[in-house]
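Here are some notes to read alongside the model on your screen. Take the points in order, and find each residue in the viewer as you go.

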Amino acid sequence: MGREVSIEGEKVVLVPYMRDHVPKYHQWMEDPSLLEATASEPLSLQQEYDMQLSWTQDPNKQTFIVLDKQMILGTFAHGEPHVEAMAGDVNIFMNDCDDVRTVEISIMIAEPKSRRKGLGKESVLLMMAFAVENLGIQAFCANIGESNTASIDLFKKLGFESAGSSEIFKEVTLKLEVNETLTDTLQSLLRNSMVHA
């Protein structure tokens with residue numbers, strides 16, 4: 001998939017999740033509010049290294065670390081981790097929805113100074129463009145904790161609609177079908193972005 005690809009947008013660069021990213025990622029995931037927002041369990045640093053390795057090898061997952069372009073020191077270099085600019089991550093999972101042409105998408109902007117700058121929106125759109133263009137994806141779903149109103153609002157602004165909820169997991173599911181208009185928008189976004197391979 002996109003294991004060796006970086007996607008450079010206007011505000012963000014999406015880079016593959018590298019071993020060098022793990023310590024900072026682990027630091028983020030020690031924050032109880034992020035654990036709750038992402039429905040995650042706390043892991044040891046070694047478990048986080050193991051998780052990073054499994055994510056990069058899993059054919060049903062695509063994970064990019066979101067870099068805040070304003071925080072990159074010097075010039076962006078493809079293949080470099082740019083840990084100083086880490087803002088969060090964006091993921092797609094191809095085994096969590098009912099249809100192989102549907103993927104689950106998630107976004108986390110973990111770095112407080114990178115929030116409320118439009119990075120989450122651009123990251124989701126770039127990931128969607130990547131998935132439509134490279135994987136033939138025709139629909140996206142997002143499972144979001146019902147208390148995570150910022151994330152719910154973001155996906156609704158992108159056109160996702162309510163598709164159910166789970167009382168047990170205290171989550172809402174939002175879904176977006178890819179139509180011709182969305183495909184045109186995503187292709188235009190990719191044309192205006194720089195893909196490094």
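1. Let's begin with a loop. Histidine 82 sits in the loop between β3 (61–68) and β4 (86–93). Its phi is near 50 degrees, which is a positive value in a residue other than glycine. Is histidine 82 buried or exposed? Its relative accessible area is 10%, and buried means under 20%, so histidine 82 is buried. Please keep in mind throughout that this is a predicted model.

2. Lysine 170 lies in the loop between β7 (161–166) and β8 (171–177). Lysine 170 also has a positive phi, about 55 degrees, although it is not a glycine. With a relative accessibility of 46%, lysine 170 counts as partly exposed.

3. Now step back to the whole chain. The protein has 6 helices and 9 strands. Its radius of gyration is 16 Å, close to the 16 Å that the globule rule gives for 197 residues, so the protein is as compact as a globular protein of that length. Along the principal axes, the C-alpha atoms fill a box of roughly 40 × 40 × 30 Å. Buried residues make up 50% of the 197 residues. The protein exposes about 10,300 Å², and carbon and sulfur atoms supply 49% of that area.

4. Next, the sheet. In what order do the strands of the open sheet stand? The 9 strands follow the order β7-β8-β6-β5-β4-β3-β2-β1-β9, with mixed pairing. β7 and β9 (194–196) stand at the edges with a single partner strand each, so one side of each has no neighbour in the sheet. On average, neighbouring strands of this sheet are turned by 25 degrees against each other, direction ignored.

5. Follow some of the pairings strand by strand. β1 and β2 form a hairpin with 3 residues between them; these two strands run antiparallel and are joined by 2 bridges. Isoleucine 7 has leucine 14 in β2 as its bridge partner. Leucine 14 in turn has valine 66 in β3 as a bridge partner, and β2 and β3 pair in the antiparallel sense over 5 bridges. β2 is mostly covered, as 5 of its 5 residues are buried. From β3 to β4 the pairing is antiparallel, with 7 bridges, and threonine 63 stands opposite asparagine 91 in β4.

6. Two helices deserve a look against this sheet. Helix α4 (residues 119–135) packs on the sheet and touches β1 (6–8), β2 (12–16), β3, β4, β5 (102–109), β6 (139–145) and β8. The direction of α4 makes about 155 degrees with that of β5. Helix α5 (residues 149–157) also packs on the sheet, touching β5, β6 and β8; its direction makes about 160 degrees with that of β6.

7. Zoom in on one residue of α4. Serine 123 is located in helix α4. At 0% relative accessibility, serine 123 counts as buried. Which residues does serine 123 touch, not counting those up to four places away in sequence? They are Val12, Leu14, Val66, Val90 and Ile107.

8. An α-helix has 3.6 residues a turn, so residues three or four places apart point the same way. After α5 comes glycine 159, with a positive phi near 100 degrees.

9. Finally, a residue in β5. Methionine 108 lies in strand β5 and, at 5% relative accessibility, counts as buried. Leaving aside its neighbours within four places in sequence, methionine 108 is in contact with Tyr25, Trp28, Met29, Leu34, Thr38, Ala87, Gly88 and Asp89. Methionine 108 and glutamate 36 are 72 residues apart in sequence and 12 Å apart in space, C-alpha to C-alpha. Across the protein, residues 24 or more positions apart account for 67% of the contacts with a separation of 6 or more.

Definitions and conventions
Residues numbered from 1 in each chain as written. Predicted model: local features only at pLDDT ≥ 70, side-chain atom pairs only at ≥ 80, totals over all residues. Heavy atoms only, no water. Helix = DSSP H or I, 4+ residues; strand = E, 2+ residues; numbered from the N terminus. Buried < 20%, exposed > 50% of the residue type's maximum accessible area, 1.4 Å probe, protein only. Pairing = 2+ DSSP bridges. Axes fitted to C-alpha atoms, helices over the stretch in contact; angles between N-to-C directions. Contact = heavy atoms within 4.5 Å. Rg over C-alpha atoms; globule rule 2.2 N^0.38 Å. Areas by Shrake-Rupley, 256 points an atom, 1.4 Å probe, with all protein chains shown as cover.
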